[in-house]
Amino acid sequence: MINQNLKNKKIRKDLIKPVNKYSIFENPVLEAINLNVSYGKVLAVKDVNIQVPKNKVISLIGPSGCGKSTLIRCFNRMNDTIRIANISGQILYNKRNVTDIDPAEVRYRIGMVFQKPNPFPKSIYENVAFGPKVNGIKENLDQIVETSLKKADLWKEVKDRLKENAYGLSGGQQQRLCIARTLAVNPEVILMDEPCSALDPISTDRIEELIKDLSSSVTIVIVTHNMQQAVRVSDYSACMMAGEERIGELIEYGEVDQIFGNPKDKRTEEYVTGRIG
Amino acid sequence: MSNYHGRKSLDLGLLEIETKTNALNLKVLEAFNETFNSFYEKDLEKSKEIIKKDKFINQFAVEIENKSIDVIRRETPLASDMRKLTSYMFVAQELERIGDYLSGICKINLKIGKEPFITKFEKIPKMEAIAKNMLKDSIKLFSNFPEEKKAMKDAKNIFSQDDEIDHLNSQVQNDLIKRMSRNSKLVEQGTYIIWVAHNLERISDRANNIAERTIYVVTGDSAAIFSYELDE
C-alpha cells in the first residue's frame, strides 16, 4: 500500500532539483518530488524529480529495468495495487498530492494504455461506454462512444459493427479501442506504457499520429524503447538508468532535440546511440 | 572483443566512412601541393594530370555521401553518431569543392601557358601558405574530434587566419586592377591571376567550414564557436 504518512507532509518545493533548465515548468500537470519506490526491501527507483508540462508529450526512455514503468505507475496510483510496493516522496497532480485524491478519480483523470491491448471481453460499444457508465453517466452514451472512437481514429472502421466483440479487432485496432476507452472519460493525462511494442509498423504509425493529434488537448507520458518513436512523437524526453545496484534514476530530462541530438550526460549518449542497454 | 559494447554494423559503417574521408583528405592535400608546384613551374603536363585526377576526388566524395546515407537508412543513428554521419557528408562536399578550386587553378595555368608571368608572386605564395595551413589544420581537427576546449582553441586558431587571407586577396585584386587599367596588355593574365587568388580565398572559407563542422560534431552547435571564450 502507498505510504499513508505522505498524506500529511507539506509540499517541499525546494526539494525539486532541476535536472536541467527544461525540468522546471510553470504549471506542471504532474510532478514527482524526491520519489523513491521499493518493492519489498528492494529499492527500484531513487530520488526522481520530474515535472510534466500540460498538453505536451513526454517520452520516458532507458534500458529495461530502469524504473520507467514504475515511475508512470506512480502517477496514477497503479502501484497501490501492488501489495509490496512502497512509495516515498510526492506525486502531485495539478499541485494536489495524489494520495489526497480518491484512487478511482486519479485513474479517471489520468488514464493508462498498456503494452498489450487489453479490451474487455465485451462489445466494441460496451468497451468505450464502460468508463462513463461506471462514473454514473447514463445520457449521451452513444455520442460519447462515437466521439471517443473518432478521436482514436477508429470510428470509420467499426461504426457498423459496434455490437461485435472487441476481441474480433486486429491488434492495432484493439490498441486504438483501448485509447478510445481511456478518452471516453475525458482524461487530462494519458500514460502509455510501450503502446506500440506489440503492433506492426502501420498500426504503430496510426498510434503515433493519434498521440500527436491528442496532445493538443491531453498530456501524454509515453514509455518507449523505440528511440525514433520518441523523437517523432514527444516534445520532451526523460532518460532513466539503473546503475550497478540496479536502482533506477532519472539521469537527464530535456527537449527531445537535445536529448537525441546532443545529450549532456554520457550515459544518455551511450543509451541513445545503442552502446548500452 | 569480449568487452565490446558497440553496435557492430553501425561502428563498421562509421569506420569505413572515416577511412574514406581520410583517403579523400590525403588526395586533396596532395592535389593542393601539386597544383601550386605545377603553377609556379609552368608544368602544364602536371596541371593536366591534376585536372584529370579531380574525378577521383569527386568519386570519393560521392562514395562517402552514399555510404553515409546507407548507414543512416540502415542504422537510424542518433546523437553523436548522427552528427558525425551528416558531417562526413558535409565535409566530403567541402573537400570536393576544394578539389574543383584546385582544378580551376590548373586550368588557369593551361590558359596562361608558357607566357611569362606578369607578377613576381609575393602575395599569392603567402595566401597559398595560409590556405594550406588552414586546410591541413581543419582536416586534422575533423579527423580527431578532440574534446570541446581543444576543438574550440584549434578552430579559433583556424578562423583567425581568415582575415589575413581576405586582406591579401583584396591587395592582389587592387594591385592588378591598377596595373591592368594602366596597361591593357596585362588584362587577360591579370584577370586569371585574380581568379587564382579568389580560389585560394574560397579554399580558406571551405577550411573554416570544416572547422565549424567539427565544432558541431563535438558540441552539437556549429555556432558555439562564436560565443565561446577561451581561458587564456
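1. Ground rules first. This is a predicted model, where local features need pLDDT of at least 70 and side-chain atom pairs count only at pLDDT 80 or more, while totals for chains, interfaces and linings use all residues. Residues are numbered from 1 along each chain as its sequence is written, chains are lettered from A and ligands numbered from 1 in the order in which they are written, and side-chain values use heavy atoms, with hydrogens and water left out.

2. Aromatic pairs. Searching the whole structure gives 15 of them over all chains; rings of Phe, Tyr and Trp (its six-membered ring) pair if their centres lie within 6.5 Å, and planes under 30 degrees apart count as stacked, over 60 as edge-to-face and the rest as tilted. Take Phe120(A) and Phe130(A): the ring centres are 4.7 Å apart with the planes at 55°, so this pair is tilted. Phe120(A) is in the loop between β6 (110-113) and α3 (124-134) of chain A, and Phe130(A) is in helix α3, 10 residues apart. (Helices, H or I with at least four residues, and strands, E with at least two, are DSSP runs numbered from the N terminus.) Phe120(A) has a relative accessible area of 26% and is partly exposed, and Phe130(A), at 33%, is also partly exposed. Here buried means under 20% relative accessible area, exposed over 50%, and partly exposed in between (1.4 Å probe, protein chains only).

3. Chain B has its own ring cluster. Ring pairs join Phe32(B), Phe36(B), Phe39(B), Tyr40(B), Phe117(B) and Phe121(B). Elsewhere, Arg97(B) lies over the face of Tyr101(B), 5.4 Å from the ring centre. The test for a charge over a ring is NZ of Lys or CZ of Arg within 6 Å of the ring centre and within 35 degrees of the ring normal.

4. The largest pocket. Its volume is about 560 Å³, and of its 18 lining residues Arg107(A), Tyr108(A), Gly111(A), Met112(A) and Phe120(A) are the closest to the centre. The lining divides into 10 nonpolar, six polar and two charged residues. For reference, Ala, Val, Leu, Ile, Met, Phe, Trp, Tyr, Cys and Pro count as nonpolar, Asp, Glu, Lys and Arg as charged, and the others, Gly among them, as polar. On a 1 Å grid over the protein atoms alone, a pocket is an open set with protein on both sides within 12 Å along at least five of seven lines, a cavity is a set of points where a 1.4 Å probe fits but cannot get out, and lining residues have an atom within 4 Å of a point. Points are joined across faces, edges and corners, and a volume is the space filled by probe spheres set on them.

5. The second largest pocket. This one comes to about 440 Å³. Its lining holds 10 nonpolar, three polar and nine charged residues, and α3(B) gives the largest share, five residues. Domain 1 (1-114) and domain 2 (116-232) of chain B both contribute, so the pocket lies between them; the bounds come from an automatic or database domain assignment.
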